[in-house]
Amino acid sequence: MHRRDFLAFGAMGVGGIILPSMFGKVIAAEELNSAIDVAVKKALADAAMNAAKSAGASYCDVRVGRYLRQFVITRERNVENVVNTESSGVGIRVLADGAWGFAATNAMTTDAVAKAAQQAVAIAKANAPTQTAPVQLAPVKGVGEVSWRTPIAKNSMTVPIKDKVDLLMGVNAAAMDAGADFISSILFLVNEQKYFASTDGSYIDQDVHRIWAPMEVTAVDKKTGKFRVRDGLSAPMGLGFEYLDGRAADKTVGPNGIISYGMSYDMKEDAIAATKQAREKLTAKSVKPGKYDLVLDPNHLGLTIHETVGHPLELDRVLGYEANYAGTSFATMDKLKANFQYGSDKVNIVADKTQPGSLGAVAYDDEGVKTKKWDLIRNGKLVGYQATRDQAHIEGKSESDGCSYADSWSNVQFQRMANISLEPGKDKMSVADMISNVEDGIYILGRGSFSIDQQRYNAQFGGTLFYEIKNGKITQPLEDVAYQIRTPEFWAACSAICDSSDYRMFGSFFDGKGQPSQVSAVSHGSSTTRFDGINVINTARSLG
Amino acid sequence: MGIFTEAQAKDILTKVVAMSKADECTAQLTGQIQGNVRFALNNVSTAGLTDDTDLQVQVAYGKRVGIATINQFDDASLERVVRRAEELAKLAPENPEFMPAVDKQVYKTSPTFSEATAAITPVYRAKVAAASITACKAQNLIAAGFLEDGQSFVAFANSKGNFGYQRSTVLDYTCTVRTQDGRGSGWVGTDTQDATRFKVEDDIQIAMRKASASSEARALEPGKYTVILEPMAAAGLIGFMFNFFGAREADEGRSFLSKAGGGNKIGQQVFGPQVNFYTDPWDPVAPSLPWDEEGVPRKRMDLVKDGKVVALDYSRYWAQKQGKAPVGQMGNILMTGGTKSTAELVRSTQRGVLVTRTWYIRMVDPQTVLLTGLTRDGTFYIENGQIKYPIKNFRFNESPVIMLNNVEELGKPVRVPPDEVSMNIMVPPMKLRDFTFTSLSDAV
């Protein structure tokens with residue numbers, strides 16, 4: 001997500017009105033429970049496709065979208081805001097004279113969508129003369145009328161607001177009672193009702209759900225002026241409200257008593273732990289810079305996977321289409337042909353648009369392609385990219401990878417990152433086993449600051465919690481830790497991966513790309529993983 | 001629908017406010033027409049146009065607030081949105097930090113609107129893309145860029161008789177130019193409300209020169225260097241810092257502007273004595289709306305004077321709690337400087353590093369505003385007042401607070417695209433001592 005948009009999300013309009021414009025219009029909570037009749041959507045899609053074909057389109061796809069979001073925002077003992085938003089409309093993409101055209105309208109009538117379809121064809125025809133080569137689409141067989149829903153147990157949108165407010169107020173009270181100076185906690189709930197139709201003969205109705213429950217606890221030492229923040233250890237997930245049930249079976253207790261969460265989150269428990277740990281951070285030992293063996297928890301490693309593998313293996317970046325915004329990639333086509341050694345032979349990384357509970361899981365992508373799981377890195381070697389229908393041929397493939405996505409009906413779909421995950425180790429190994437073999441290391445949990453260059457070579461990552469490892473034992477908390485890496489060297493230093501019993505998902509709601517900028521939500525799974533001899537810097541400074 | 005005149009907007013808002021039976025009502029109309037063209041690999045990739053108008057109504061019963069929005073403006077729709085906001089307010093929990101609507105104010109119009117920008121057509125956008133691509137093709141370079149322009153209006157009224165209306169325009173152009181072999185990269189960006197100030201033919205030459213000149217980069221050891229940050233490079237760090245100029249966070253003890261022992265650093269020497277920042281809605285080059293997000297009138301106001309912090313941003317709630325008079329929060333960031341260009345700063349430098357642009361800046365430690373990020377699109381070694389050769393990009397770990405205590409010289413401020421802050425920003429090129437580069441990047 002573009003920083004400016006993210007700031008706007010938190011901004012208030014004149015008179016204290018929160019600006020929901022980036023998410024659509026504000027609606028009442030009960031309207032979150034409804035959906036557009038599928039017959040209405042089909043009629044709109046048919047009207048658009050007929051108009052496009054009559055105007056000369058060789059291909060047309062139509063997305064009838066209704067995007068719903070709910071935010072419950074609290075701090076300490078106050079509810080700051082409850083906002084529900086809706087954005088509905090129809091986006092039409094066509095191929096005419098070998099070029100793409102796109103137009104969108106929020107008027108949900110057959111006349112309006114037919115007009116938009118004609119506009120899309122006109123734009124395509126206008127773009128065609130400057131096109132260097134005609135668009136080549138990998139074939140897709142129509143699937144007729146099908147539907148799919150994120151497998152959720154409890155629809156977040158139907159849970160009463162009072163229950164949500166009570167939950168967050170309980171979380172905040174627990175932290176304040178435990179001694180937090182400040183806490184903010186938020187529920188961010190998403191339902192994308194997406195209908196896709198194309199001239200290939202598909203009519204796909206999908207109901208996608210996501211949930212995110214971020215929080216941050218702050219501890220302040222007024223005397224010294226020092227403050228520290230401990231973020232929650234949850235992950236945004238492709239789940240319903242059941243994610244917040246805090247099931248005991250989904251908790252992992254680390255060797256130093258830190259509780260990590262898998263497919264279920266206990267927000268109150270984490271708030272109490274966060275309060276204690278934020279206080280500990282005020283007096284924790286400042287790290288001595290140098291080379292360390294790093295033990296990285298899945299809720300930390302996910303962001304590193306995202307930045308150093310997910311992005312560089314997006315084919316549009318590799319080709320140069322994102323040069324002015326997201327950047328290009330060091331992992332160029334010649335490296336794919338040569339099966340470039342991306343990491344150690346323990347490193348197996350897959351892209352997967354089907355993984356249950358993940359943010360990117362759907363049955364069909366926004367081009368109507370059946371989603372799948374495929375290899376990007378196998379035994380440390382580069383073996384694949386992420387490509388859409390119009391990119392597959394460039395990689396010499398005959399099918400799309402099914403990773404096209406648009407964040408709104410009004411934006412054109414394009415290649416977006418699939419869930420990119422590191423496969424667990426094949427041999428039995430727990431986190432305790434892994435740490436017992438580390439002589440001089442640091443155990444890092446949770447996301448921190450992250451920055452990487454425009455070709456994805458040089459990266460720096462912080463974290464939420466840091467612990468010193470000496471001679472196979474966790475000795476004390478550390479602070480001021482960040483590690484600097486060069487992508488292929490970092491993955492080459494991967495020396496051990498815990499087994500599948502430790503596998504958990506990290507996620508991001510706001511992965512930004514494209515101009516105008518679009519966001520997408522994506523998960524990254526892994527087990528706790530060890531990297532040897534990584535350069536750690538000390539980030540403490542004095543302002544005098 | 002797009003843009004309403006002041007009379008049209010006032011008519012709708014007056015009706016809406018009169019319809020409300022709540023204790024108070026604030027209504028806001030916003031509209032925009034935005035166009036864009038995107039190009040990459042010397043081809044236009046996408047072009048689009050959006051048109052959007054929206055009415056937001058906020059009502060309050062006591063401290064219970066409800067908000068509703070709509071994009072239809074007939075009387076029945078207006079009635080519906082007001083009733084919806086009222087229903088939501090009755091169901092809402094009390095907000096202990098609720099502030100009543102602002103009293104009637106007088107706002108002095110600021111120069112945010114340009115007819116030339118509002119008149120931009122798809123043909124103009126296509127010509128900008130074509131001019132960028134043609135120039136690059138002629139020199140065997142590759143262009144990727146984006147032009148976005150738009151006009152907008154905002155109007156608001158409340159049940160205390162307050163009313164405001166203003167139109168704005170913006171043009172934002174960026175272009176990254178790369179060499180065919182991928183070993184050189186340059187960048188240029190323009191951000192202005194006035195399209196007559198934008199000359200694509202001049203801009204694209206800057207990016208092309210940087211691309212060609214940055215090939216064959218050599219590696220320099222990371223460490224502390226005297227640097228010349230071009231305005232865009234400096235604005236990345238400075239803009240980021242101003243996201244943390246809130247009085248509340250400082251008073252609560254969780255900001256770099258918190259004082260040990262409690263309170264904030266207003267009045268303290270936080271930066272070097274050459275450093276001055278102010279905010280001014282009527283700045284002709286980088287103006288802002290004459291009211292802040294709560295409708296409080298803005299004024300010209302020093303933020304940092306001779307390195308001392310003079311003012312922080314107070315919300316009306318926090319100002320009241322701290323016993324301060326409400327002042328409009330900053331809408332732009334203007335840094336003063338001297339008269340020299342970047343080239344003149346280079347000429348007076350014995351040894352140093354010239355940085356075109358900073359990128360992917362993230363907070364490492366909010367306690368000290370330690371930021372990390374990278375240089376890109378043209379980083380050069382300077383010796384004896386001359387650019388000697390291009391160098392590989394660096395990662396930096398530096399705090400803008402420390403950086404602004406190490407100022408050697410400031411050049412002439414210019415407006416740059418606001419990458420890291422949502423406000424218009426003017427920053428000079430600057431020569432700084434001991435800027436901290438912590439590693440090398442192979443990225444071009």
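Biologist: Which strands of chain A does helix α6 lie across?
Modeller: Helix α6 (298-310) of chain A lies across β14 (349-352), β15 and β19 of chain A. Helices (H or I, at least four residues) and strands (E, at least two) are DSSP runs, numbered from the N terminus. Contact needs C-beta atoms, placed from the backbone, within 7 Å.
Biologist: At what angle does α6 run to β19(A)?
Modeller: About 110 degrees. Angles run from 0 to 180 degrees between N-to-C directions, with axes fitted to C-alpha atoms, for helices over the stretch in contact.
Biologist: Before I go on, what are the ground rules?
Modeller: This is a predicted model: local features need pLDDT of at least 70, side-chain atom pairs count only at pLDDT 80 or more, and totals for chains, interfaces and linings use all residues. Residues are numbered from 1 along each chain as its sequence is written, while chains are lettered from A and ligands numbered from 1 in the order written.
Biologist: What is the strand order in the open sheet of chain A?
Modeller: β16-β15-β14-β19, four strands with antiparallel pairing. Two strands pair if DSSP finds at least two bridges between them.
Biologist: Which are the edge strands?
Modeller: β16 (381-382) and β19 (419-422) of chain A, each pairing on one side only.
Biologist: How many bridges join β15 to β16(A)?
Modeller: 2, from β15 (373-378) of chain A. Arg378(A) stands opposite Lys381(A) in β16(A).
Biologist: Switching topic. How many residues does each chain put into the A-B contact?
Modeller: Chain A gives 60 and chain B gives 81.

How values were computed:
Two residues are in contact if their C-beta atoms, placed from the backbone, lie within 7 Å.
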